[in-house]
Each structure stands twice: as C-alpha cells, then as structure tokens.
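Work through the exercises below with the sequence and the model at hand. Each task is followed by a solution in steps.

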Amino acid sequence: MAPNDSVSSLVTADPGLPRPNPTQSYWQHIPHALADVQSSELPTDQDFAVIGSGITGLAVAKTLLEHHPTATVTVLEARALCSGATGRNGGQMAANAGEQYLSLAETHGAETAGKIVDFTFRNLEKMQELIREYDAVESSEMQILQKLRVFLTQRKFDDFKKSIARLEADHPSKRGLYTILSADAILKDHGIHGTFGGALLPAGTVWPYRLVTKVFEELLKKYPGRLKLETHTPVESIDYTPNFASPVTAINPYVLRTPRGPLRATVVMHCTNGYSGHLLPRLRGLIHPFKGTMTVQDPRNSTPNRGTAVSWGFHYPPSLDPETKRVGYGLYYLGQSAKSGYFYFGGENARVDESVSADDSFVAEHSVSHLQEVLPKFFGRHNTSNWRLISSWSGIMGDSPDGLPIVGRLSAALSGRKGDGEWIAAAFNGYGMANSLMCGEALALMALGQDVSEWLPIAYGLGERRLQETLTVPKAIDALSKL
C-alpha cells in the first residue's frame, strides 16, 4: 500500500478538467445527434448555470425548468454531451444501502440509515419512471430484473447477513427486500461458481447514455427559449464579481470563464462529480476522483443469456498484491445485454496511484486483462479462447471519505468565493444510478427555496458535524490506506 503522504497528495490533487481525448465508451459508440451541440454564441446572462451533463446535471436542469416558470438554464459540458461518469458506467440500476446498513446505522442511527435505504430504492424507481415517461424503454434497453449479489469469502457473506438482519430488525417493512441464498443455491439455480453465498434484490439495467441524451432532446423541444446545451465548453474558472451599479451584473454576479467566452449567472450548480475539486479547490480530499475500468465481452453463446432476469455483483475483501502493488478494490459488477448477449463487466485492479486519478484518456492493459481473466471463471469457464473483447474503456467516479453523496449549498468557506449562489451534488461513490437523479432534483428544489428534508437524507448534507467528523481529508487518507 502507498504511504499516507503519497495517498494524501493523490486525494488532494487538482483533478483538472475532463481530458479532451477520453477512451471510447461502448455506450457512446453511436453518438447522439446532440453529442456536440452548442449555440452559435455562448449565452451571456442566465439564471442558472449547470456544470455537467450526466444524470445529475439532467435532473437539475429538468427540475428547474419544470418548477420555475421563467428560469433560463444553460448546461455546460467540457466534452461531448453525457461523456462523463454517466456515459461510462456499468449500466446498473442497483442500490447498495442494504450492504452498508450496519455501518450506516452505527454512524448515523437507525432512522437516518433507513432513510438512505428508502432513498436509494426510490431513486431506482424514479429512474424507471423517467425511462417510461420519455418512451425510452426500448431505446435504452431497460430491463427490470433482480440483482444477484454474491460474496467470495465467508467473512464477507457473514458481514452482509448481519447487515441485512439489522436492517430487518430496525425496519420490519424491509423484510423480504433481500432474499438470502446459499452457495449451493447460487451454483444450482444461477450457475455462478466460487461463492460462499449471496442474495437477490430488486434492480434493473439500462443504456444510460441513450436515456440522458433522449431526455435532453425532449427538454430542448419543450423549453426552446429557456434551455441551452453548450458542449465542448469547459468552465475554466468562476469569479464572484457583483457590480451593483449595473442591473445585469448585480443579478448575475457569477462569471464562468470558458474558451468560448464568459457566461454570467445568478446561480451555479456543480454537477461534476470526480472533477469537482478543480473549480472548488477547498473540496479537494472531501471529493476525490476514482478511475474504474469497463469492458464489453462476448461469451459467444458459451453461457445462457440471463439479460432479462438478473444482473450480478461480486464482492470480495480489498486486497494488495505485494509484487505488483495492485489493489483489488472489492467489487466487480456485471450486466448482460438481452439483445446481443454481451457482458458489460467492470471493476478495478490497479495501483492506488493509477486508481485515484481523473485521467480517462487511457485504459490500463493490465486492468483489462484482469477483467478478461476473472469473468469467465464465475461461470465455470476456464478455456476462454473463444471469448471476444468487444470494447474496453475507463471512467472517472467521485468518492467521498464517508462513502455518501454530497448535496447542498456551498458556503463561502467551501466555495472560496463570496456569495451564496453555488450548489453541489456529487460524490456518488460508484452508485450514481441509485442516487444521482433524486440528488439532482433535491439540489434544484433547494436552490428554488423548497424544503426537501423529508426525503433527502440529512447525512448527504454539508452540516458542520459531517465536515468536522466524517467528511475530512484524514478520513479519505485513512480509507484508502487501509486497502
């Protein structure tokens, strides 16, 4: 494991802007018509500037437009539309709050921990509702299915069962949400080898890029005078420069500087996840990038196609290879296309300095070969000479020291700028599909003055206790140093 000072420099480094030449994500191999959309001239004065065009940015923009009758909204994206984490993830609509429940309850209490479970499962339901609302079931290849979580050591399985038992004891209404399975049942009924047990829970899969781009397309039609998408327009810096002698600059005090010129806005919404620390230096270490690897593999009919029935998660203790210094980070995630039979398989096995990185312009060969070696064995296949690698790429997630999203208004102490018009929803810790949509909705509603405390977990906020106790740089260093 890397020394603490090395880890400290990694988590507190400037992630920079999204790299202009990212690896090609399979999800985006057929670009949407809006992939490179931008106005002939950058808008000058806007009510809301939304930085980032993934699920979070989409949810913020959509909610602002629907709940404010006149607000103007500009979404700024450094690269092509939806080219960040949403366009590079595993396509899994799955929650992990049950697995985390015991730790959440011990840290935050049973009530808040239960609220997080409810929030993540409700978020998945709202994802499905959004897909149906925009008639994207077929185009996004949505499947409503069960997630099969399996555990590759007895201790991991025992810890999981304790967490679920505590969840059901604290919240009897959650009984039956998870169906515990033995290793024998997993092998017999699901054909998965090498496990010590697991569980089934409600979940889904989706082609996320197709969903987000379709909704943006429809929003542009519905709000043609109020919504603008500005791709290939990275925000290089933000200044707070109100000039009360001018009505325009008094109303729009934030200046977002881009290579295409400045944009003034009343409110700035940060939806940049692992890249948040670039424009918000005081959040470096409270949010840090984490690079993952994804593959698409073709088993060529050597396994049954289960794409309409199940997706998979494989859990193991984080491990360090003393020779290569590569860390296995504890989770592989897998879905299958019901149409092609292709496996979408991701995870990470790499050195810490390779993983705590915001550079998705390359994918490490050893990370790809590791995923190629591991996947077939779960299905009892050791001769994989006929399996084909269709695609591989990297993507940048955003992690927080306490493993929870960060949602709320940025104080001047956190933004580093005067004014109270900056907001953030980020740090989804690899589970954006179970959090991003409603976190974005909550952020927009809060910016419009609405109270969302009834359904947004308080543990996601930027309260003083969190900032002093669990959302700290030492906690981030400690979490990575224990791997």
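**Exercise 1.** In this predicted model, determine which residues of α3 and α4 meet, and how the residues of this contact divide by class.

*Solution.* Step 1: list the α3 side, which consists of Ala97, Tyr101, Leu104, Ala105 and His108. Step 2: list the α4 side, where the partners are Ala110, Thr112, Ala113, Gly114, Ile116, Val117 and Thr120. Step 3: sort the residues of the contact of α3 with α4, which gives eight nonpolar, four polar and no charged.

**Exercise 2.** Describe the geometry of the pair α3 and α4.

*Solution.* Step 1: take the extents, residues 97–108 for helix α3 and residues 110–133 for helix α4. Step 2: the axes come within 7 Å and cross at roughly 150 degrees. Step 3: angles over 145 degrees count as roughly antiparallel, so α3 is roughly antiparallel to α4. Step 4: the crossing of α3 with α4 is right-handed.

**Exercise 3.** Is Gly114 buried or exposed, and which residues is Gly114 in contact with beyond its neighbours within four places in sequence?

*Solution.* Step 2: the relative accessible area of Gly114 is 4%; buried means under 20%, so Gly114 is buried. Step 3: with neighbours within four places in sequence left aside, Gly114 is in contact with Tyr101 and His171. Tyr101 belongs to α3 and is part of the contact of that helix with α4. Step 4: for a separation, take Gly54, which is 60 residues from Gly114 in sequence and 27 Å from it in space, C-alpha to C-alpha.

**Exercise 4.** How compact is the protein, given its 483 residues?

*Solution.* Step 1: count the elements, 15 helices and 20 strands. Step 2: the radius of gyration is 22 Å, close to the 23 Å of the globule rule, so the protein is as compact as a globular protein of that length. Step 3: the C-alpha trace spans about 75 × 45 × 45 Å along its principal axes. Step 4: 59% of the residues count as buried.

Notes:
Residues numbered from 1 in each chain as written. Predicted model: local features only at pLDDT ≥ 70, side-chain atom pairs only at ≥ 80, totals over all residues. Heavy atoms only, no water. Axes fitted to C-alpha atoms, helices over the stretch in contact; angles between N-to-C directions. Helix = DSSP H or I, 4+ residues; strand = E, 2+ residues; numbered from the N terminus. Parallel < 35°, antiparallel > 145°, perpendicular 65-115°, else oblique. Left-handed = near helix turned anticlockwise from the far one by under 90°. Contact = heavy atoms within 4.5 Å. Nonpolar A, V, L, I, M, F, W, Y, C, P; charged D, E, K, R; others polar. Rg over C-alpha atoms; globule rule 2.2 N^0.38 Å. Buried < 20%, exposed > 50% of the residue type's maximum accessible area, 1.4 Å probe, protein only.
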